[in-house]
Amino acid sequence: YAKYKCRKALNPITNELIPIVCDSHVKKEFGSGVVKITPCHDPNDFEISKRHGLRRICVFDSEAKVTQTSPKEFRGMDRFVARKAIWKRLQALNLTIQVV
């Protein structure tokens, strides 16, 4: 995946471009070698975000509801309700493959 380093991917929910980084913390032998980084929700991801200068956006509040940093239609939703709503949005955009 090194050919994608320093490129960007489009987040279809927020329409934001997300930087693609390579980091030694990600171990290829434990999967594909590609992971999403959630700096505000995982300590290891937080460290990766610091090393690569990634933005740290908290999308859930202390009650596990979607914060104001997210698209308007999802704000205030419980995380489980939001997960289903986002899945439906991705399906509507024809961006899903299968449910596992």
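These are my notebook entries on what I looked up in this structure, which is a predicted model.

**Entry 1: the hairpin**

I began with the two strands, and I found that β1, residues 8–11, pairs with β2 in the antiparallel sense over four bridges. Strand β2 covers residues 16–19, and the two strands form a hairpin with four residues between them. I then looked up who faces whom across the pairing: Lys 8 stands opposite Pro 19 in β2, and Leu 10 stands opposite Leu 17 in β2. In the turn I noted Asn 15, which has a positive phi of about 60 degrees.

Cys 6 has a phi near 70 degrees, a positive value in a residue other than glycine, and it is found in the segment before β1. Ala 64 also shows a positive phi, near 65 degrees, and is again a residue other than glycine; its place is the loop between α1 and α2. Are these residues buried or exposed? Cys 6 counts as exposed because its relative accessibility is 66%, which is over the 50% cut-off. Ala 64 counts as buried because its relative accessibility is 12%, which is under the 20% cut-off.

**Entry 2: Asp 23 and its partners**

Next I turned to Asp 23, which sits in the loop between β2 and α1, the helix of residues 43–52. With a relative accessible area of 14%, Asp 23 is buried. Which residues does Asp 23 touch, not counting residues up to four places away in sequence? I found Ile 48, Arg 51 and His 52. With two of these the side chain of Asp 23 makes polar contacts: one goes to the side chain of Arg 51, at 2.8 Å, and another goes to the side chain of His 52, also given as 2.8 Å.

**Entry 3: salt bridges**

How many salt bridges does the structure hold? There are four, and I followed up some of them, keeping in mind that side chains of opposite charge can pair when their charged atoms come close.

The side chains of Arg 55 and Glu 16 meet in a salt bridge, with 2.7 Å from N to O. Arg 55 lies in the loop between α1 and α2 and Glu 16 in strand β2, so this pair ties together parts that are 39 residues apart in sequence.

Another salt bridge joins the side chains of Glu 73 and Arg 89, at 2.3 Å from N to O. This pair links distant parts of the chain, with Glu 73 in the loop between α1 and α2 and Arg 89 in helix α2, 16 residues apart. Glu 73 counts as partly exposed at 44% relative accessibility, and Arg 89 counts as partly exposed at 24%.

I also noted a salt bridge between Lys 50 and Glu 47, whose closest N and O atoms are 3.5 Å apart.

**Entry 4: the largest pocket**

Last I looked up the largest pocket, which has a volume of about 1800 Å³. It is lined by 45 residues, and those closest to its centre are Asn 11, Ile 18, Lys 36, Ile 37 and Thr 38. The elements that give two or more residues to this lining are β1, β2 and α2. Which element gives the largest share of the lining? That element is α2, which gives seven residues. The strands β1 and β2, which contribute to the lining here, are the pair that forms the hairpin of Entry 1.

Note on methods
Residues numbered from 1 in each chain as written. Predicted model: local features only at pLDDT ≥ 70, side-chain atom pairs only at ≥ 80, totals over all residues. Heavy atoms only, no water. Buried < 20%, exposed > 50% of the residue type's maximum accessible area, 1.4 Å probe, protein only. Polar contact = N/O pair within 3.5 Å; in protein donor to acceptor, adjacent residues only side chain to side chain. Contact = heavy atoms within 4.5 Å. Pairing = 2+ DSSP bridges. 1 Å grid on protein atoms, 1.4 Å probe; cavity = no way out; pocket = protein on both sides within 12 Å on 5 of 7 lines; lining within 4 Å. Points joined across faces, edges and corners; volume = space filled by probe spheres on them.
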